[in-house]
Amino acid sequence: MAPKPKEKPKGAPSPSQPPPPIEDLFTSLNRHIQRSELTQVVKVANQVLSVAPGDEDAIRCKVVALIKCDKIGEALSTMQSAQKVSSDFSFYKAYCLYRQNKLNEALEFLEKQDKTQPSMLLESQILYRLGKMDACVDICRNLQRAKIDSLEINLVAGLISAGRAFEVQGTLDAFKVKATSSFELAYNIACSLIEGNKHKDAEQLLLTARRIGQETLTEESLADDDIEIELAPIAVQLAYVQQLLGHTQEAVGAYTDIINRSLADEPSLAVAVNNLIAVKGPKDISDGLRKLDRLKEKDSQKFQLAHSIDLKLSPKQKETIYVNRVLLLLHANKMDQARELVAVLPELFPDSLMPVLLQAALLVRENKAGKAEEMLGQFAEKFPEKSKIILLARAQVAAAAGHPQIAAESLAKVPDIQHMPATVATLVALKERAGDINGAVTVLDSTIKWWKTAMTEDDQLSIIMQEAASFKLRHSKEEDAAHLYEELVKSHGSIEALVGLITTVAHVNVDKAEAYEKQLKPLPGLKGVDVDGLERTSGAKHVEGASHGGLSEAQEDGKTKDKPKKKRKRKPRYPKGFDPANPGPPPDPERWLPKRERSSYRPKRKDKRAAQVRGSQGAVVRDKTEASASATNSNGSNMKSNQAASLKGVSQNAEPSRPQSKSSRKKSRN
């Protein structure tokens, strides 16, 4: 029996029914646009395109409606299917690619566009997302005359991220706006105050921003939970300020509350998790790893930030989270996972040095310091413009591994810090440890020569010459040390240098030392001292109650300190009921020794009857040694388990370095 045909719905038009006139369709399309009925806009636009394929207005309406519905992929497909249309949809394509985080492709489409205000604003947003803050600021400056709403918020955010927070106040004056004109601007100004280490002022402005935000969003009829989510960046930044002010407990409580309540946007939640890990440090590594797992893609086995978080965090914030993840894995001794994550970082952050430094840290943790030194050295040779931090890291690794010559060699390749006192002291110490005394002297001589010709206000020449002379004297180079001391005396008139000169010259030329000794001013209080008599004595002897002539003279000059107060002797306190006149017999001198070690100890005699057979005929008597052996075997497993537990506790108490801490910054809402 054949199946019955399906009945058509009563409301459905017949296939032969002609479509509505295109004028009516555009009237309906305009009505849905005015009412923001985006789904109906897409539906009617499709009807228009079925009647008039390639209609530019219908395509544009459909694309904008799809973008507002967050259907970015469908919007791109619609524009790609309309390639034969004469209209240029490059701006919409660039925006869709920007929403998909394909930033470089988006910039390529914008290059085909004329420089209009919307395209320049979009370009500034893309550059901000790429971390090219100076270019972003330049575009915002060019748009300054256009009087675009909320442009100052974007400009201030770009200045702070570019490290130019000192220009923020001038920007506010140019726009003629107050810091409290909106809660977004107040938030960004507070970030600039944090950059300037004005943490108290930043805290007050953040509290003001939260109050303004609550009032503004309440007027917009937002629900309480939505308001809390919208103001979550301010809450995270307030906790960060508490952290900077040293109020650790308050900061930990605020971060924990934000994470547990889950009433925060995803970027703010990511920053709160990262900062909480930074504050707690090594106290609970496993908890830190669990919290970071909340930020990764759910379907991914490897650690990878969720797409929604990856879109909204700045490159530096994302890098900080990955770096802290690696540090936690290193301190948790999960080397395989750390190695796997470090291998991915160069691709994620190609312009950063952190992947290289983390790879070196991983090698050092695996007791491969030599390989880490080799890897860092090769990177410094390949990228000399990035070599400063790499060479400093190589010097630290080599010094910690007991390779002073390699550490000194690495420090010597950093030219702009060669003549700083701290660098010179480190180089000299490393070369001295390596046994290269002549190399250390060469470093000191070149440093002295540089400071003699340097045109700087901060003159360190006298300090370096003093230390150089002391070093040469310590290593039996008296003539060179004397020359330096003599130069110091002539140029600076230093008393310390004169004393050093006399001490040094005394090893070579006693007459010359006596001639320099006459330049020393006589010390007060030594007029009555017979120096010749002191030299003939065998040495000074301490006599209680003896008065010092020099001291009495110094007291007359008013340069002595107050006499120390005599301590009052207290009577000894005895136990209750003890009579010191009749103390009784003296206590046993062996009372603190174990009984077995005392002279009065007598061991108990063995019971000879223990081995006799008792009970019925044929019973077997177990030996005491067998019983003790079985008891030992039964307790062996407990001893092993206790030992394992104690070892595990020791390994968890390792002292790691703290992960790094990162503050959140807010860009204006799109």
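Analyst: A residue is termed buried when its relative accessible area is under 20%, exposed when it is over 50%, and partly exposed in between, with a 1.4 Å probe and protein chains only. By this criterion, 36% of the 670 residues of the protein are buried. The model is predicted, so local features need pLDDT of at least 70 and side-chain atom pairs count only at pLDDT 80 or more, while totals for chains, interfaces and linings use all residues. Residues are numbered from 1 along each chain as its sequence is written, and side-chain values use heavy atoms, with hydrogens and water left out.

The protein contains 33 helices and zero strands; these are DSSP runs numbered from the N terminus, with helices (H or I) of at least four residues and strands (E) of at least two. Contact denotes heavy atoms within 4.5 Å. Among contacts with a separation of 6 or more, 52% join residues 24 or more positions apart.

The interior comes next. A nonpolar core is a set of buried Ala, Val, Leu, Ile, Met, Phe, Trp, Tyr and Cys residues joined through side-chain atoms within 4.5 Å. The largest such core comprises 112 residues, and I126, I234, Y255, L292, L295 and I321 have the most contacts inside it. Helix α11 (residues 183-195) gives the most to this core, namely nine residues. Apart from it lies another core of 35 residues, which include A395, V441, I448 and L461. In soluble globular proteins, nonpolar side chains tend to be buried together.

When neighbours within four places in sequence are set aside, L295 is in contact with A270, V273, Q304, L305, A306, I309 and I321. S124, located in helix α7 (residues 117-130), is buried because its relative accessible area is 1%. With neighbours within four places in sequence again excluded, S124 is in contact with C136, I139 and C140.

Aromatic pairs are considered next: rings of Phe, Tyr and Trp (its six-membered ring) pair if their centres lie within 6.5 Å, and planes under 30 degrees apart count as stacked, over 60 as edge-to-face and the rest as tilted. The whole structure holds seven such pairs. The ring centres of F89 and Y92 are 6.3 Å apart and their planes meet at 50°, so this pair is tilted. F89 is buried at a relative accessible area of 4%, whereas Y92 is partly exposed at 21%. Ring pairs join F89, F91 and Y92 into a cluster. W450 and W451 form an edge-to-face pair, with 5.0 Å between centres and 85° between planes. Of these two, W450 is partly exposed at 35% and W451 is buried at 7%.

Exposed loop residues include S36, between α1 (22-34) and α2 (38-51), at 54% relative accessibility. The phi of S36 is near 60°, a positive value in a residue other than glycine. N197 is in the loop between α11 and α12 (199-219); it is exposed at 62% and has a positive phi of about 60°.
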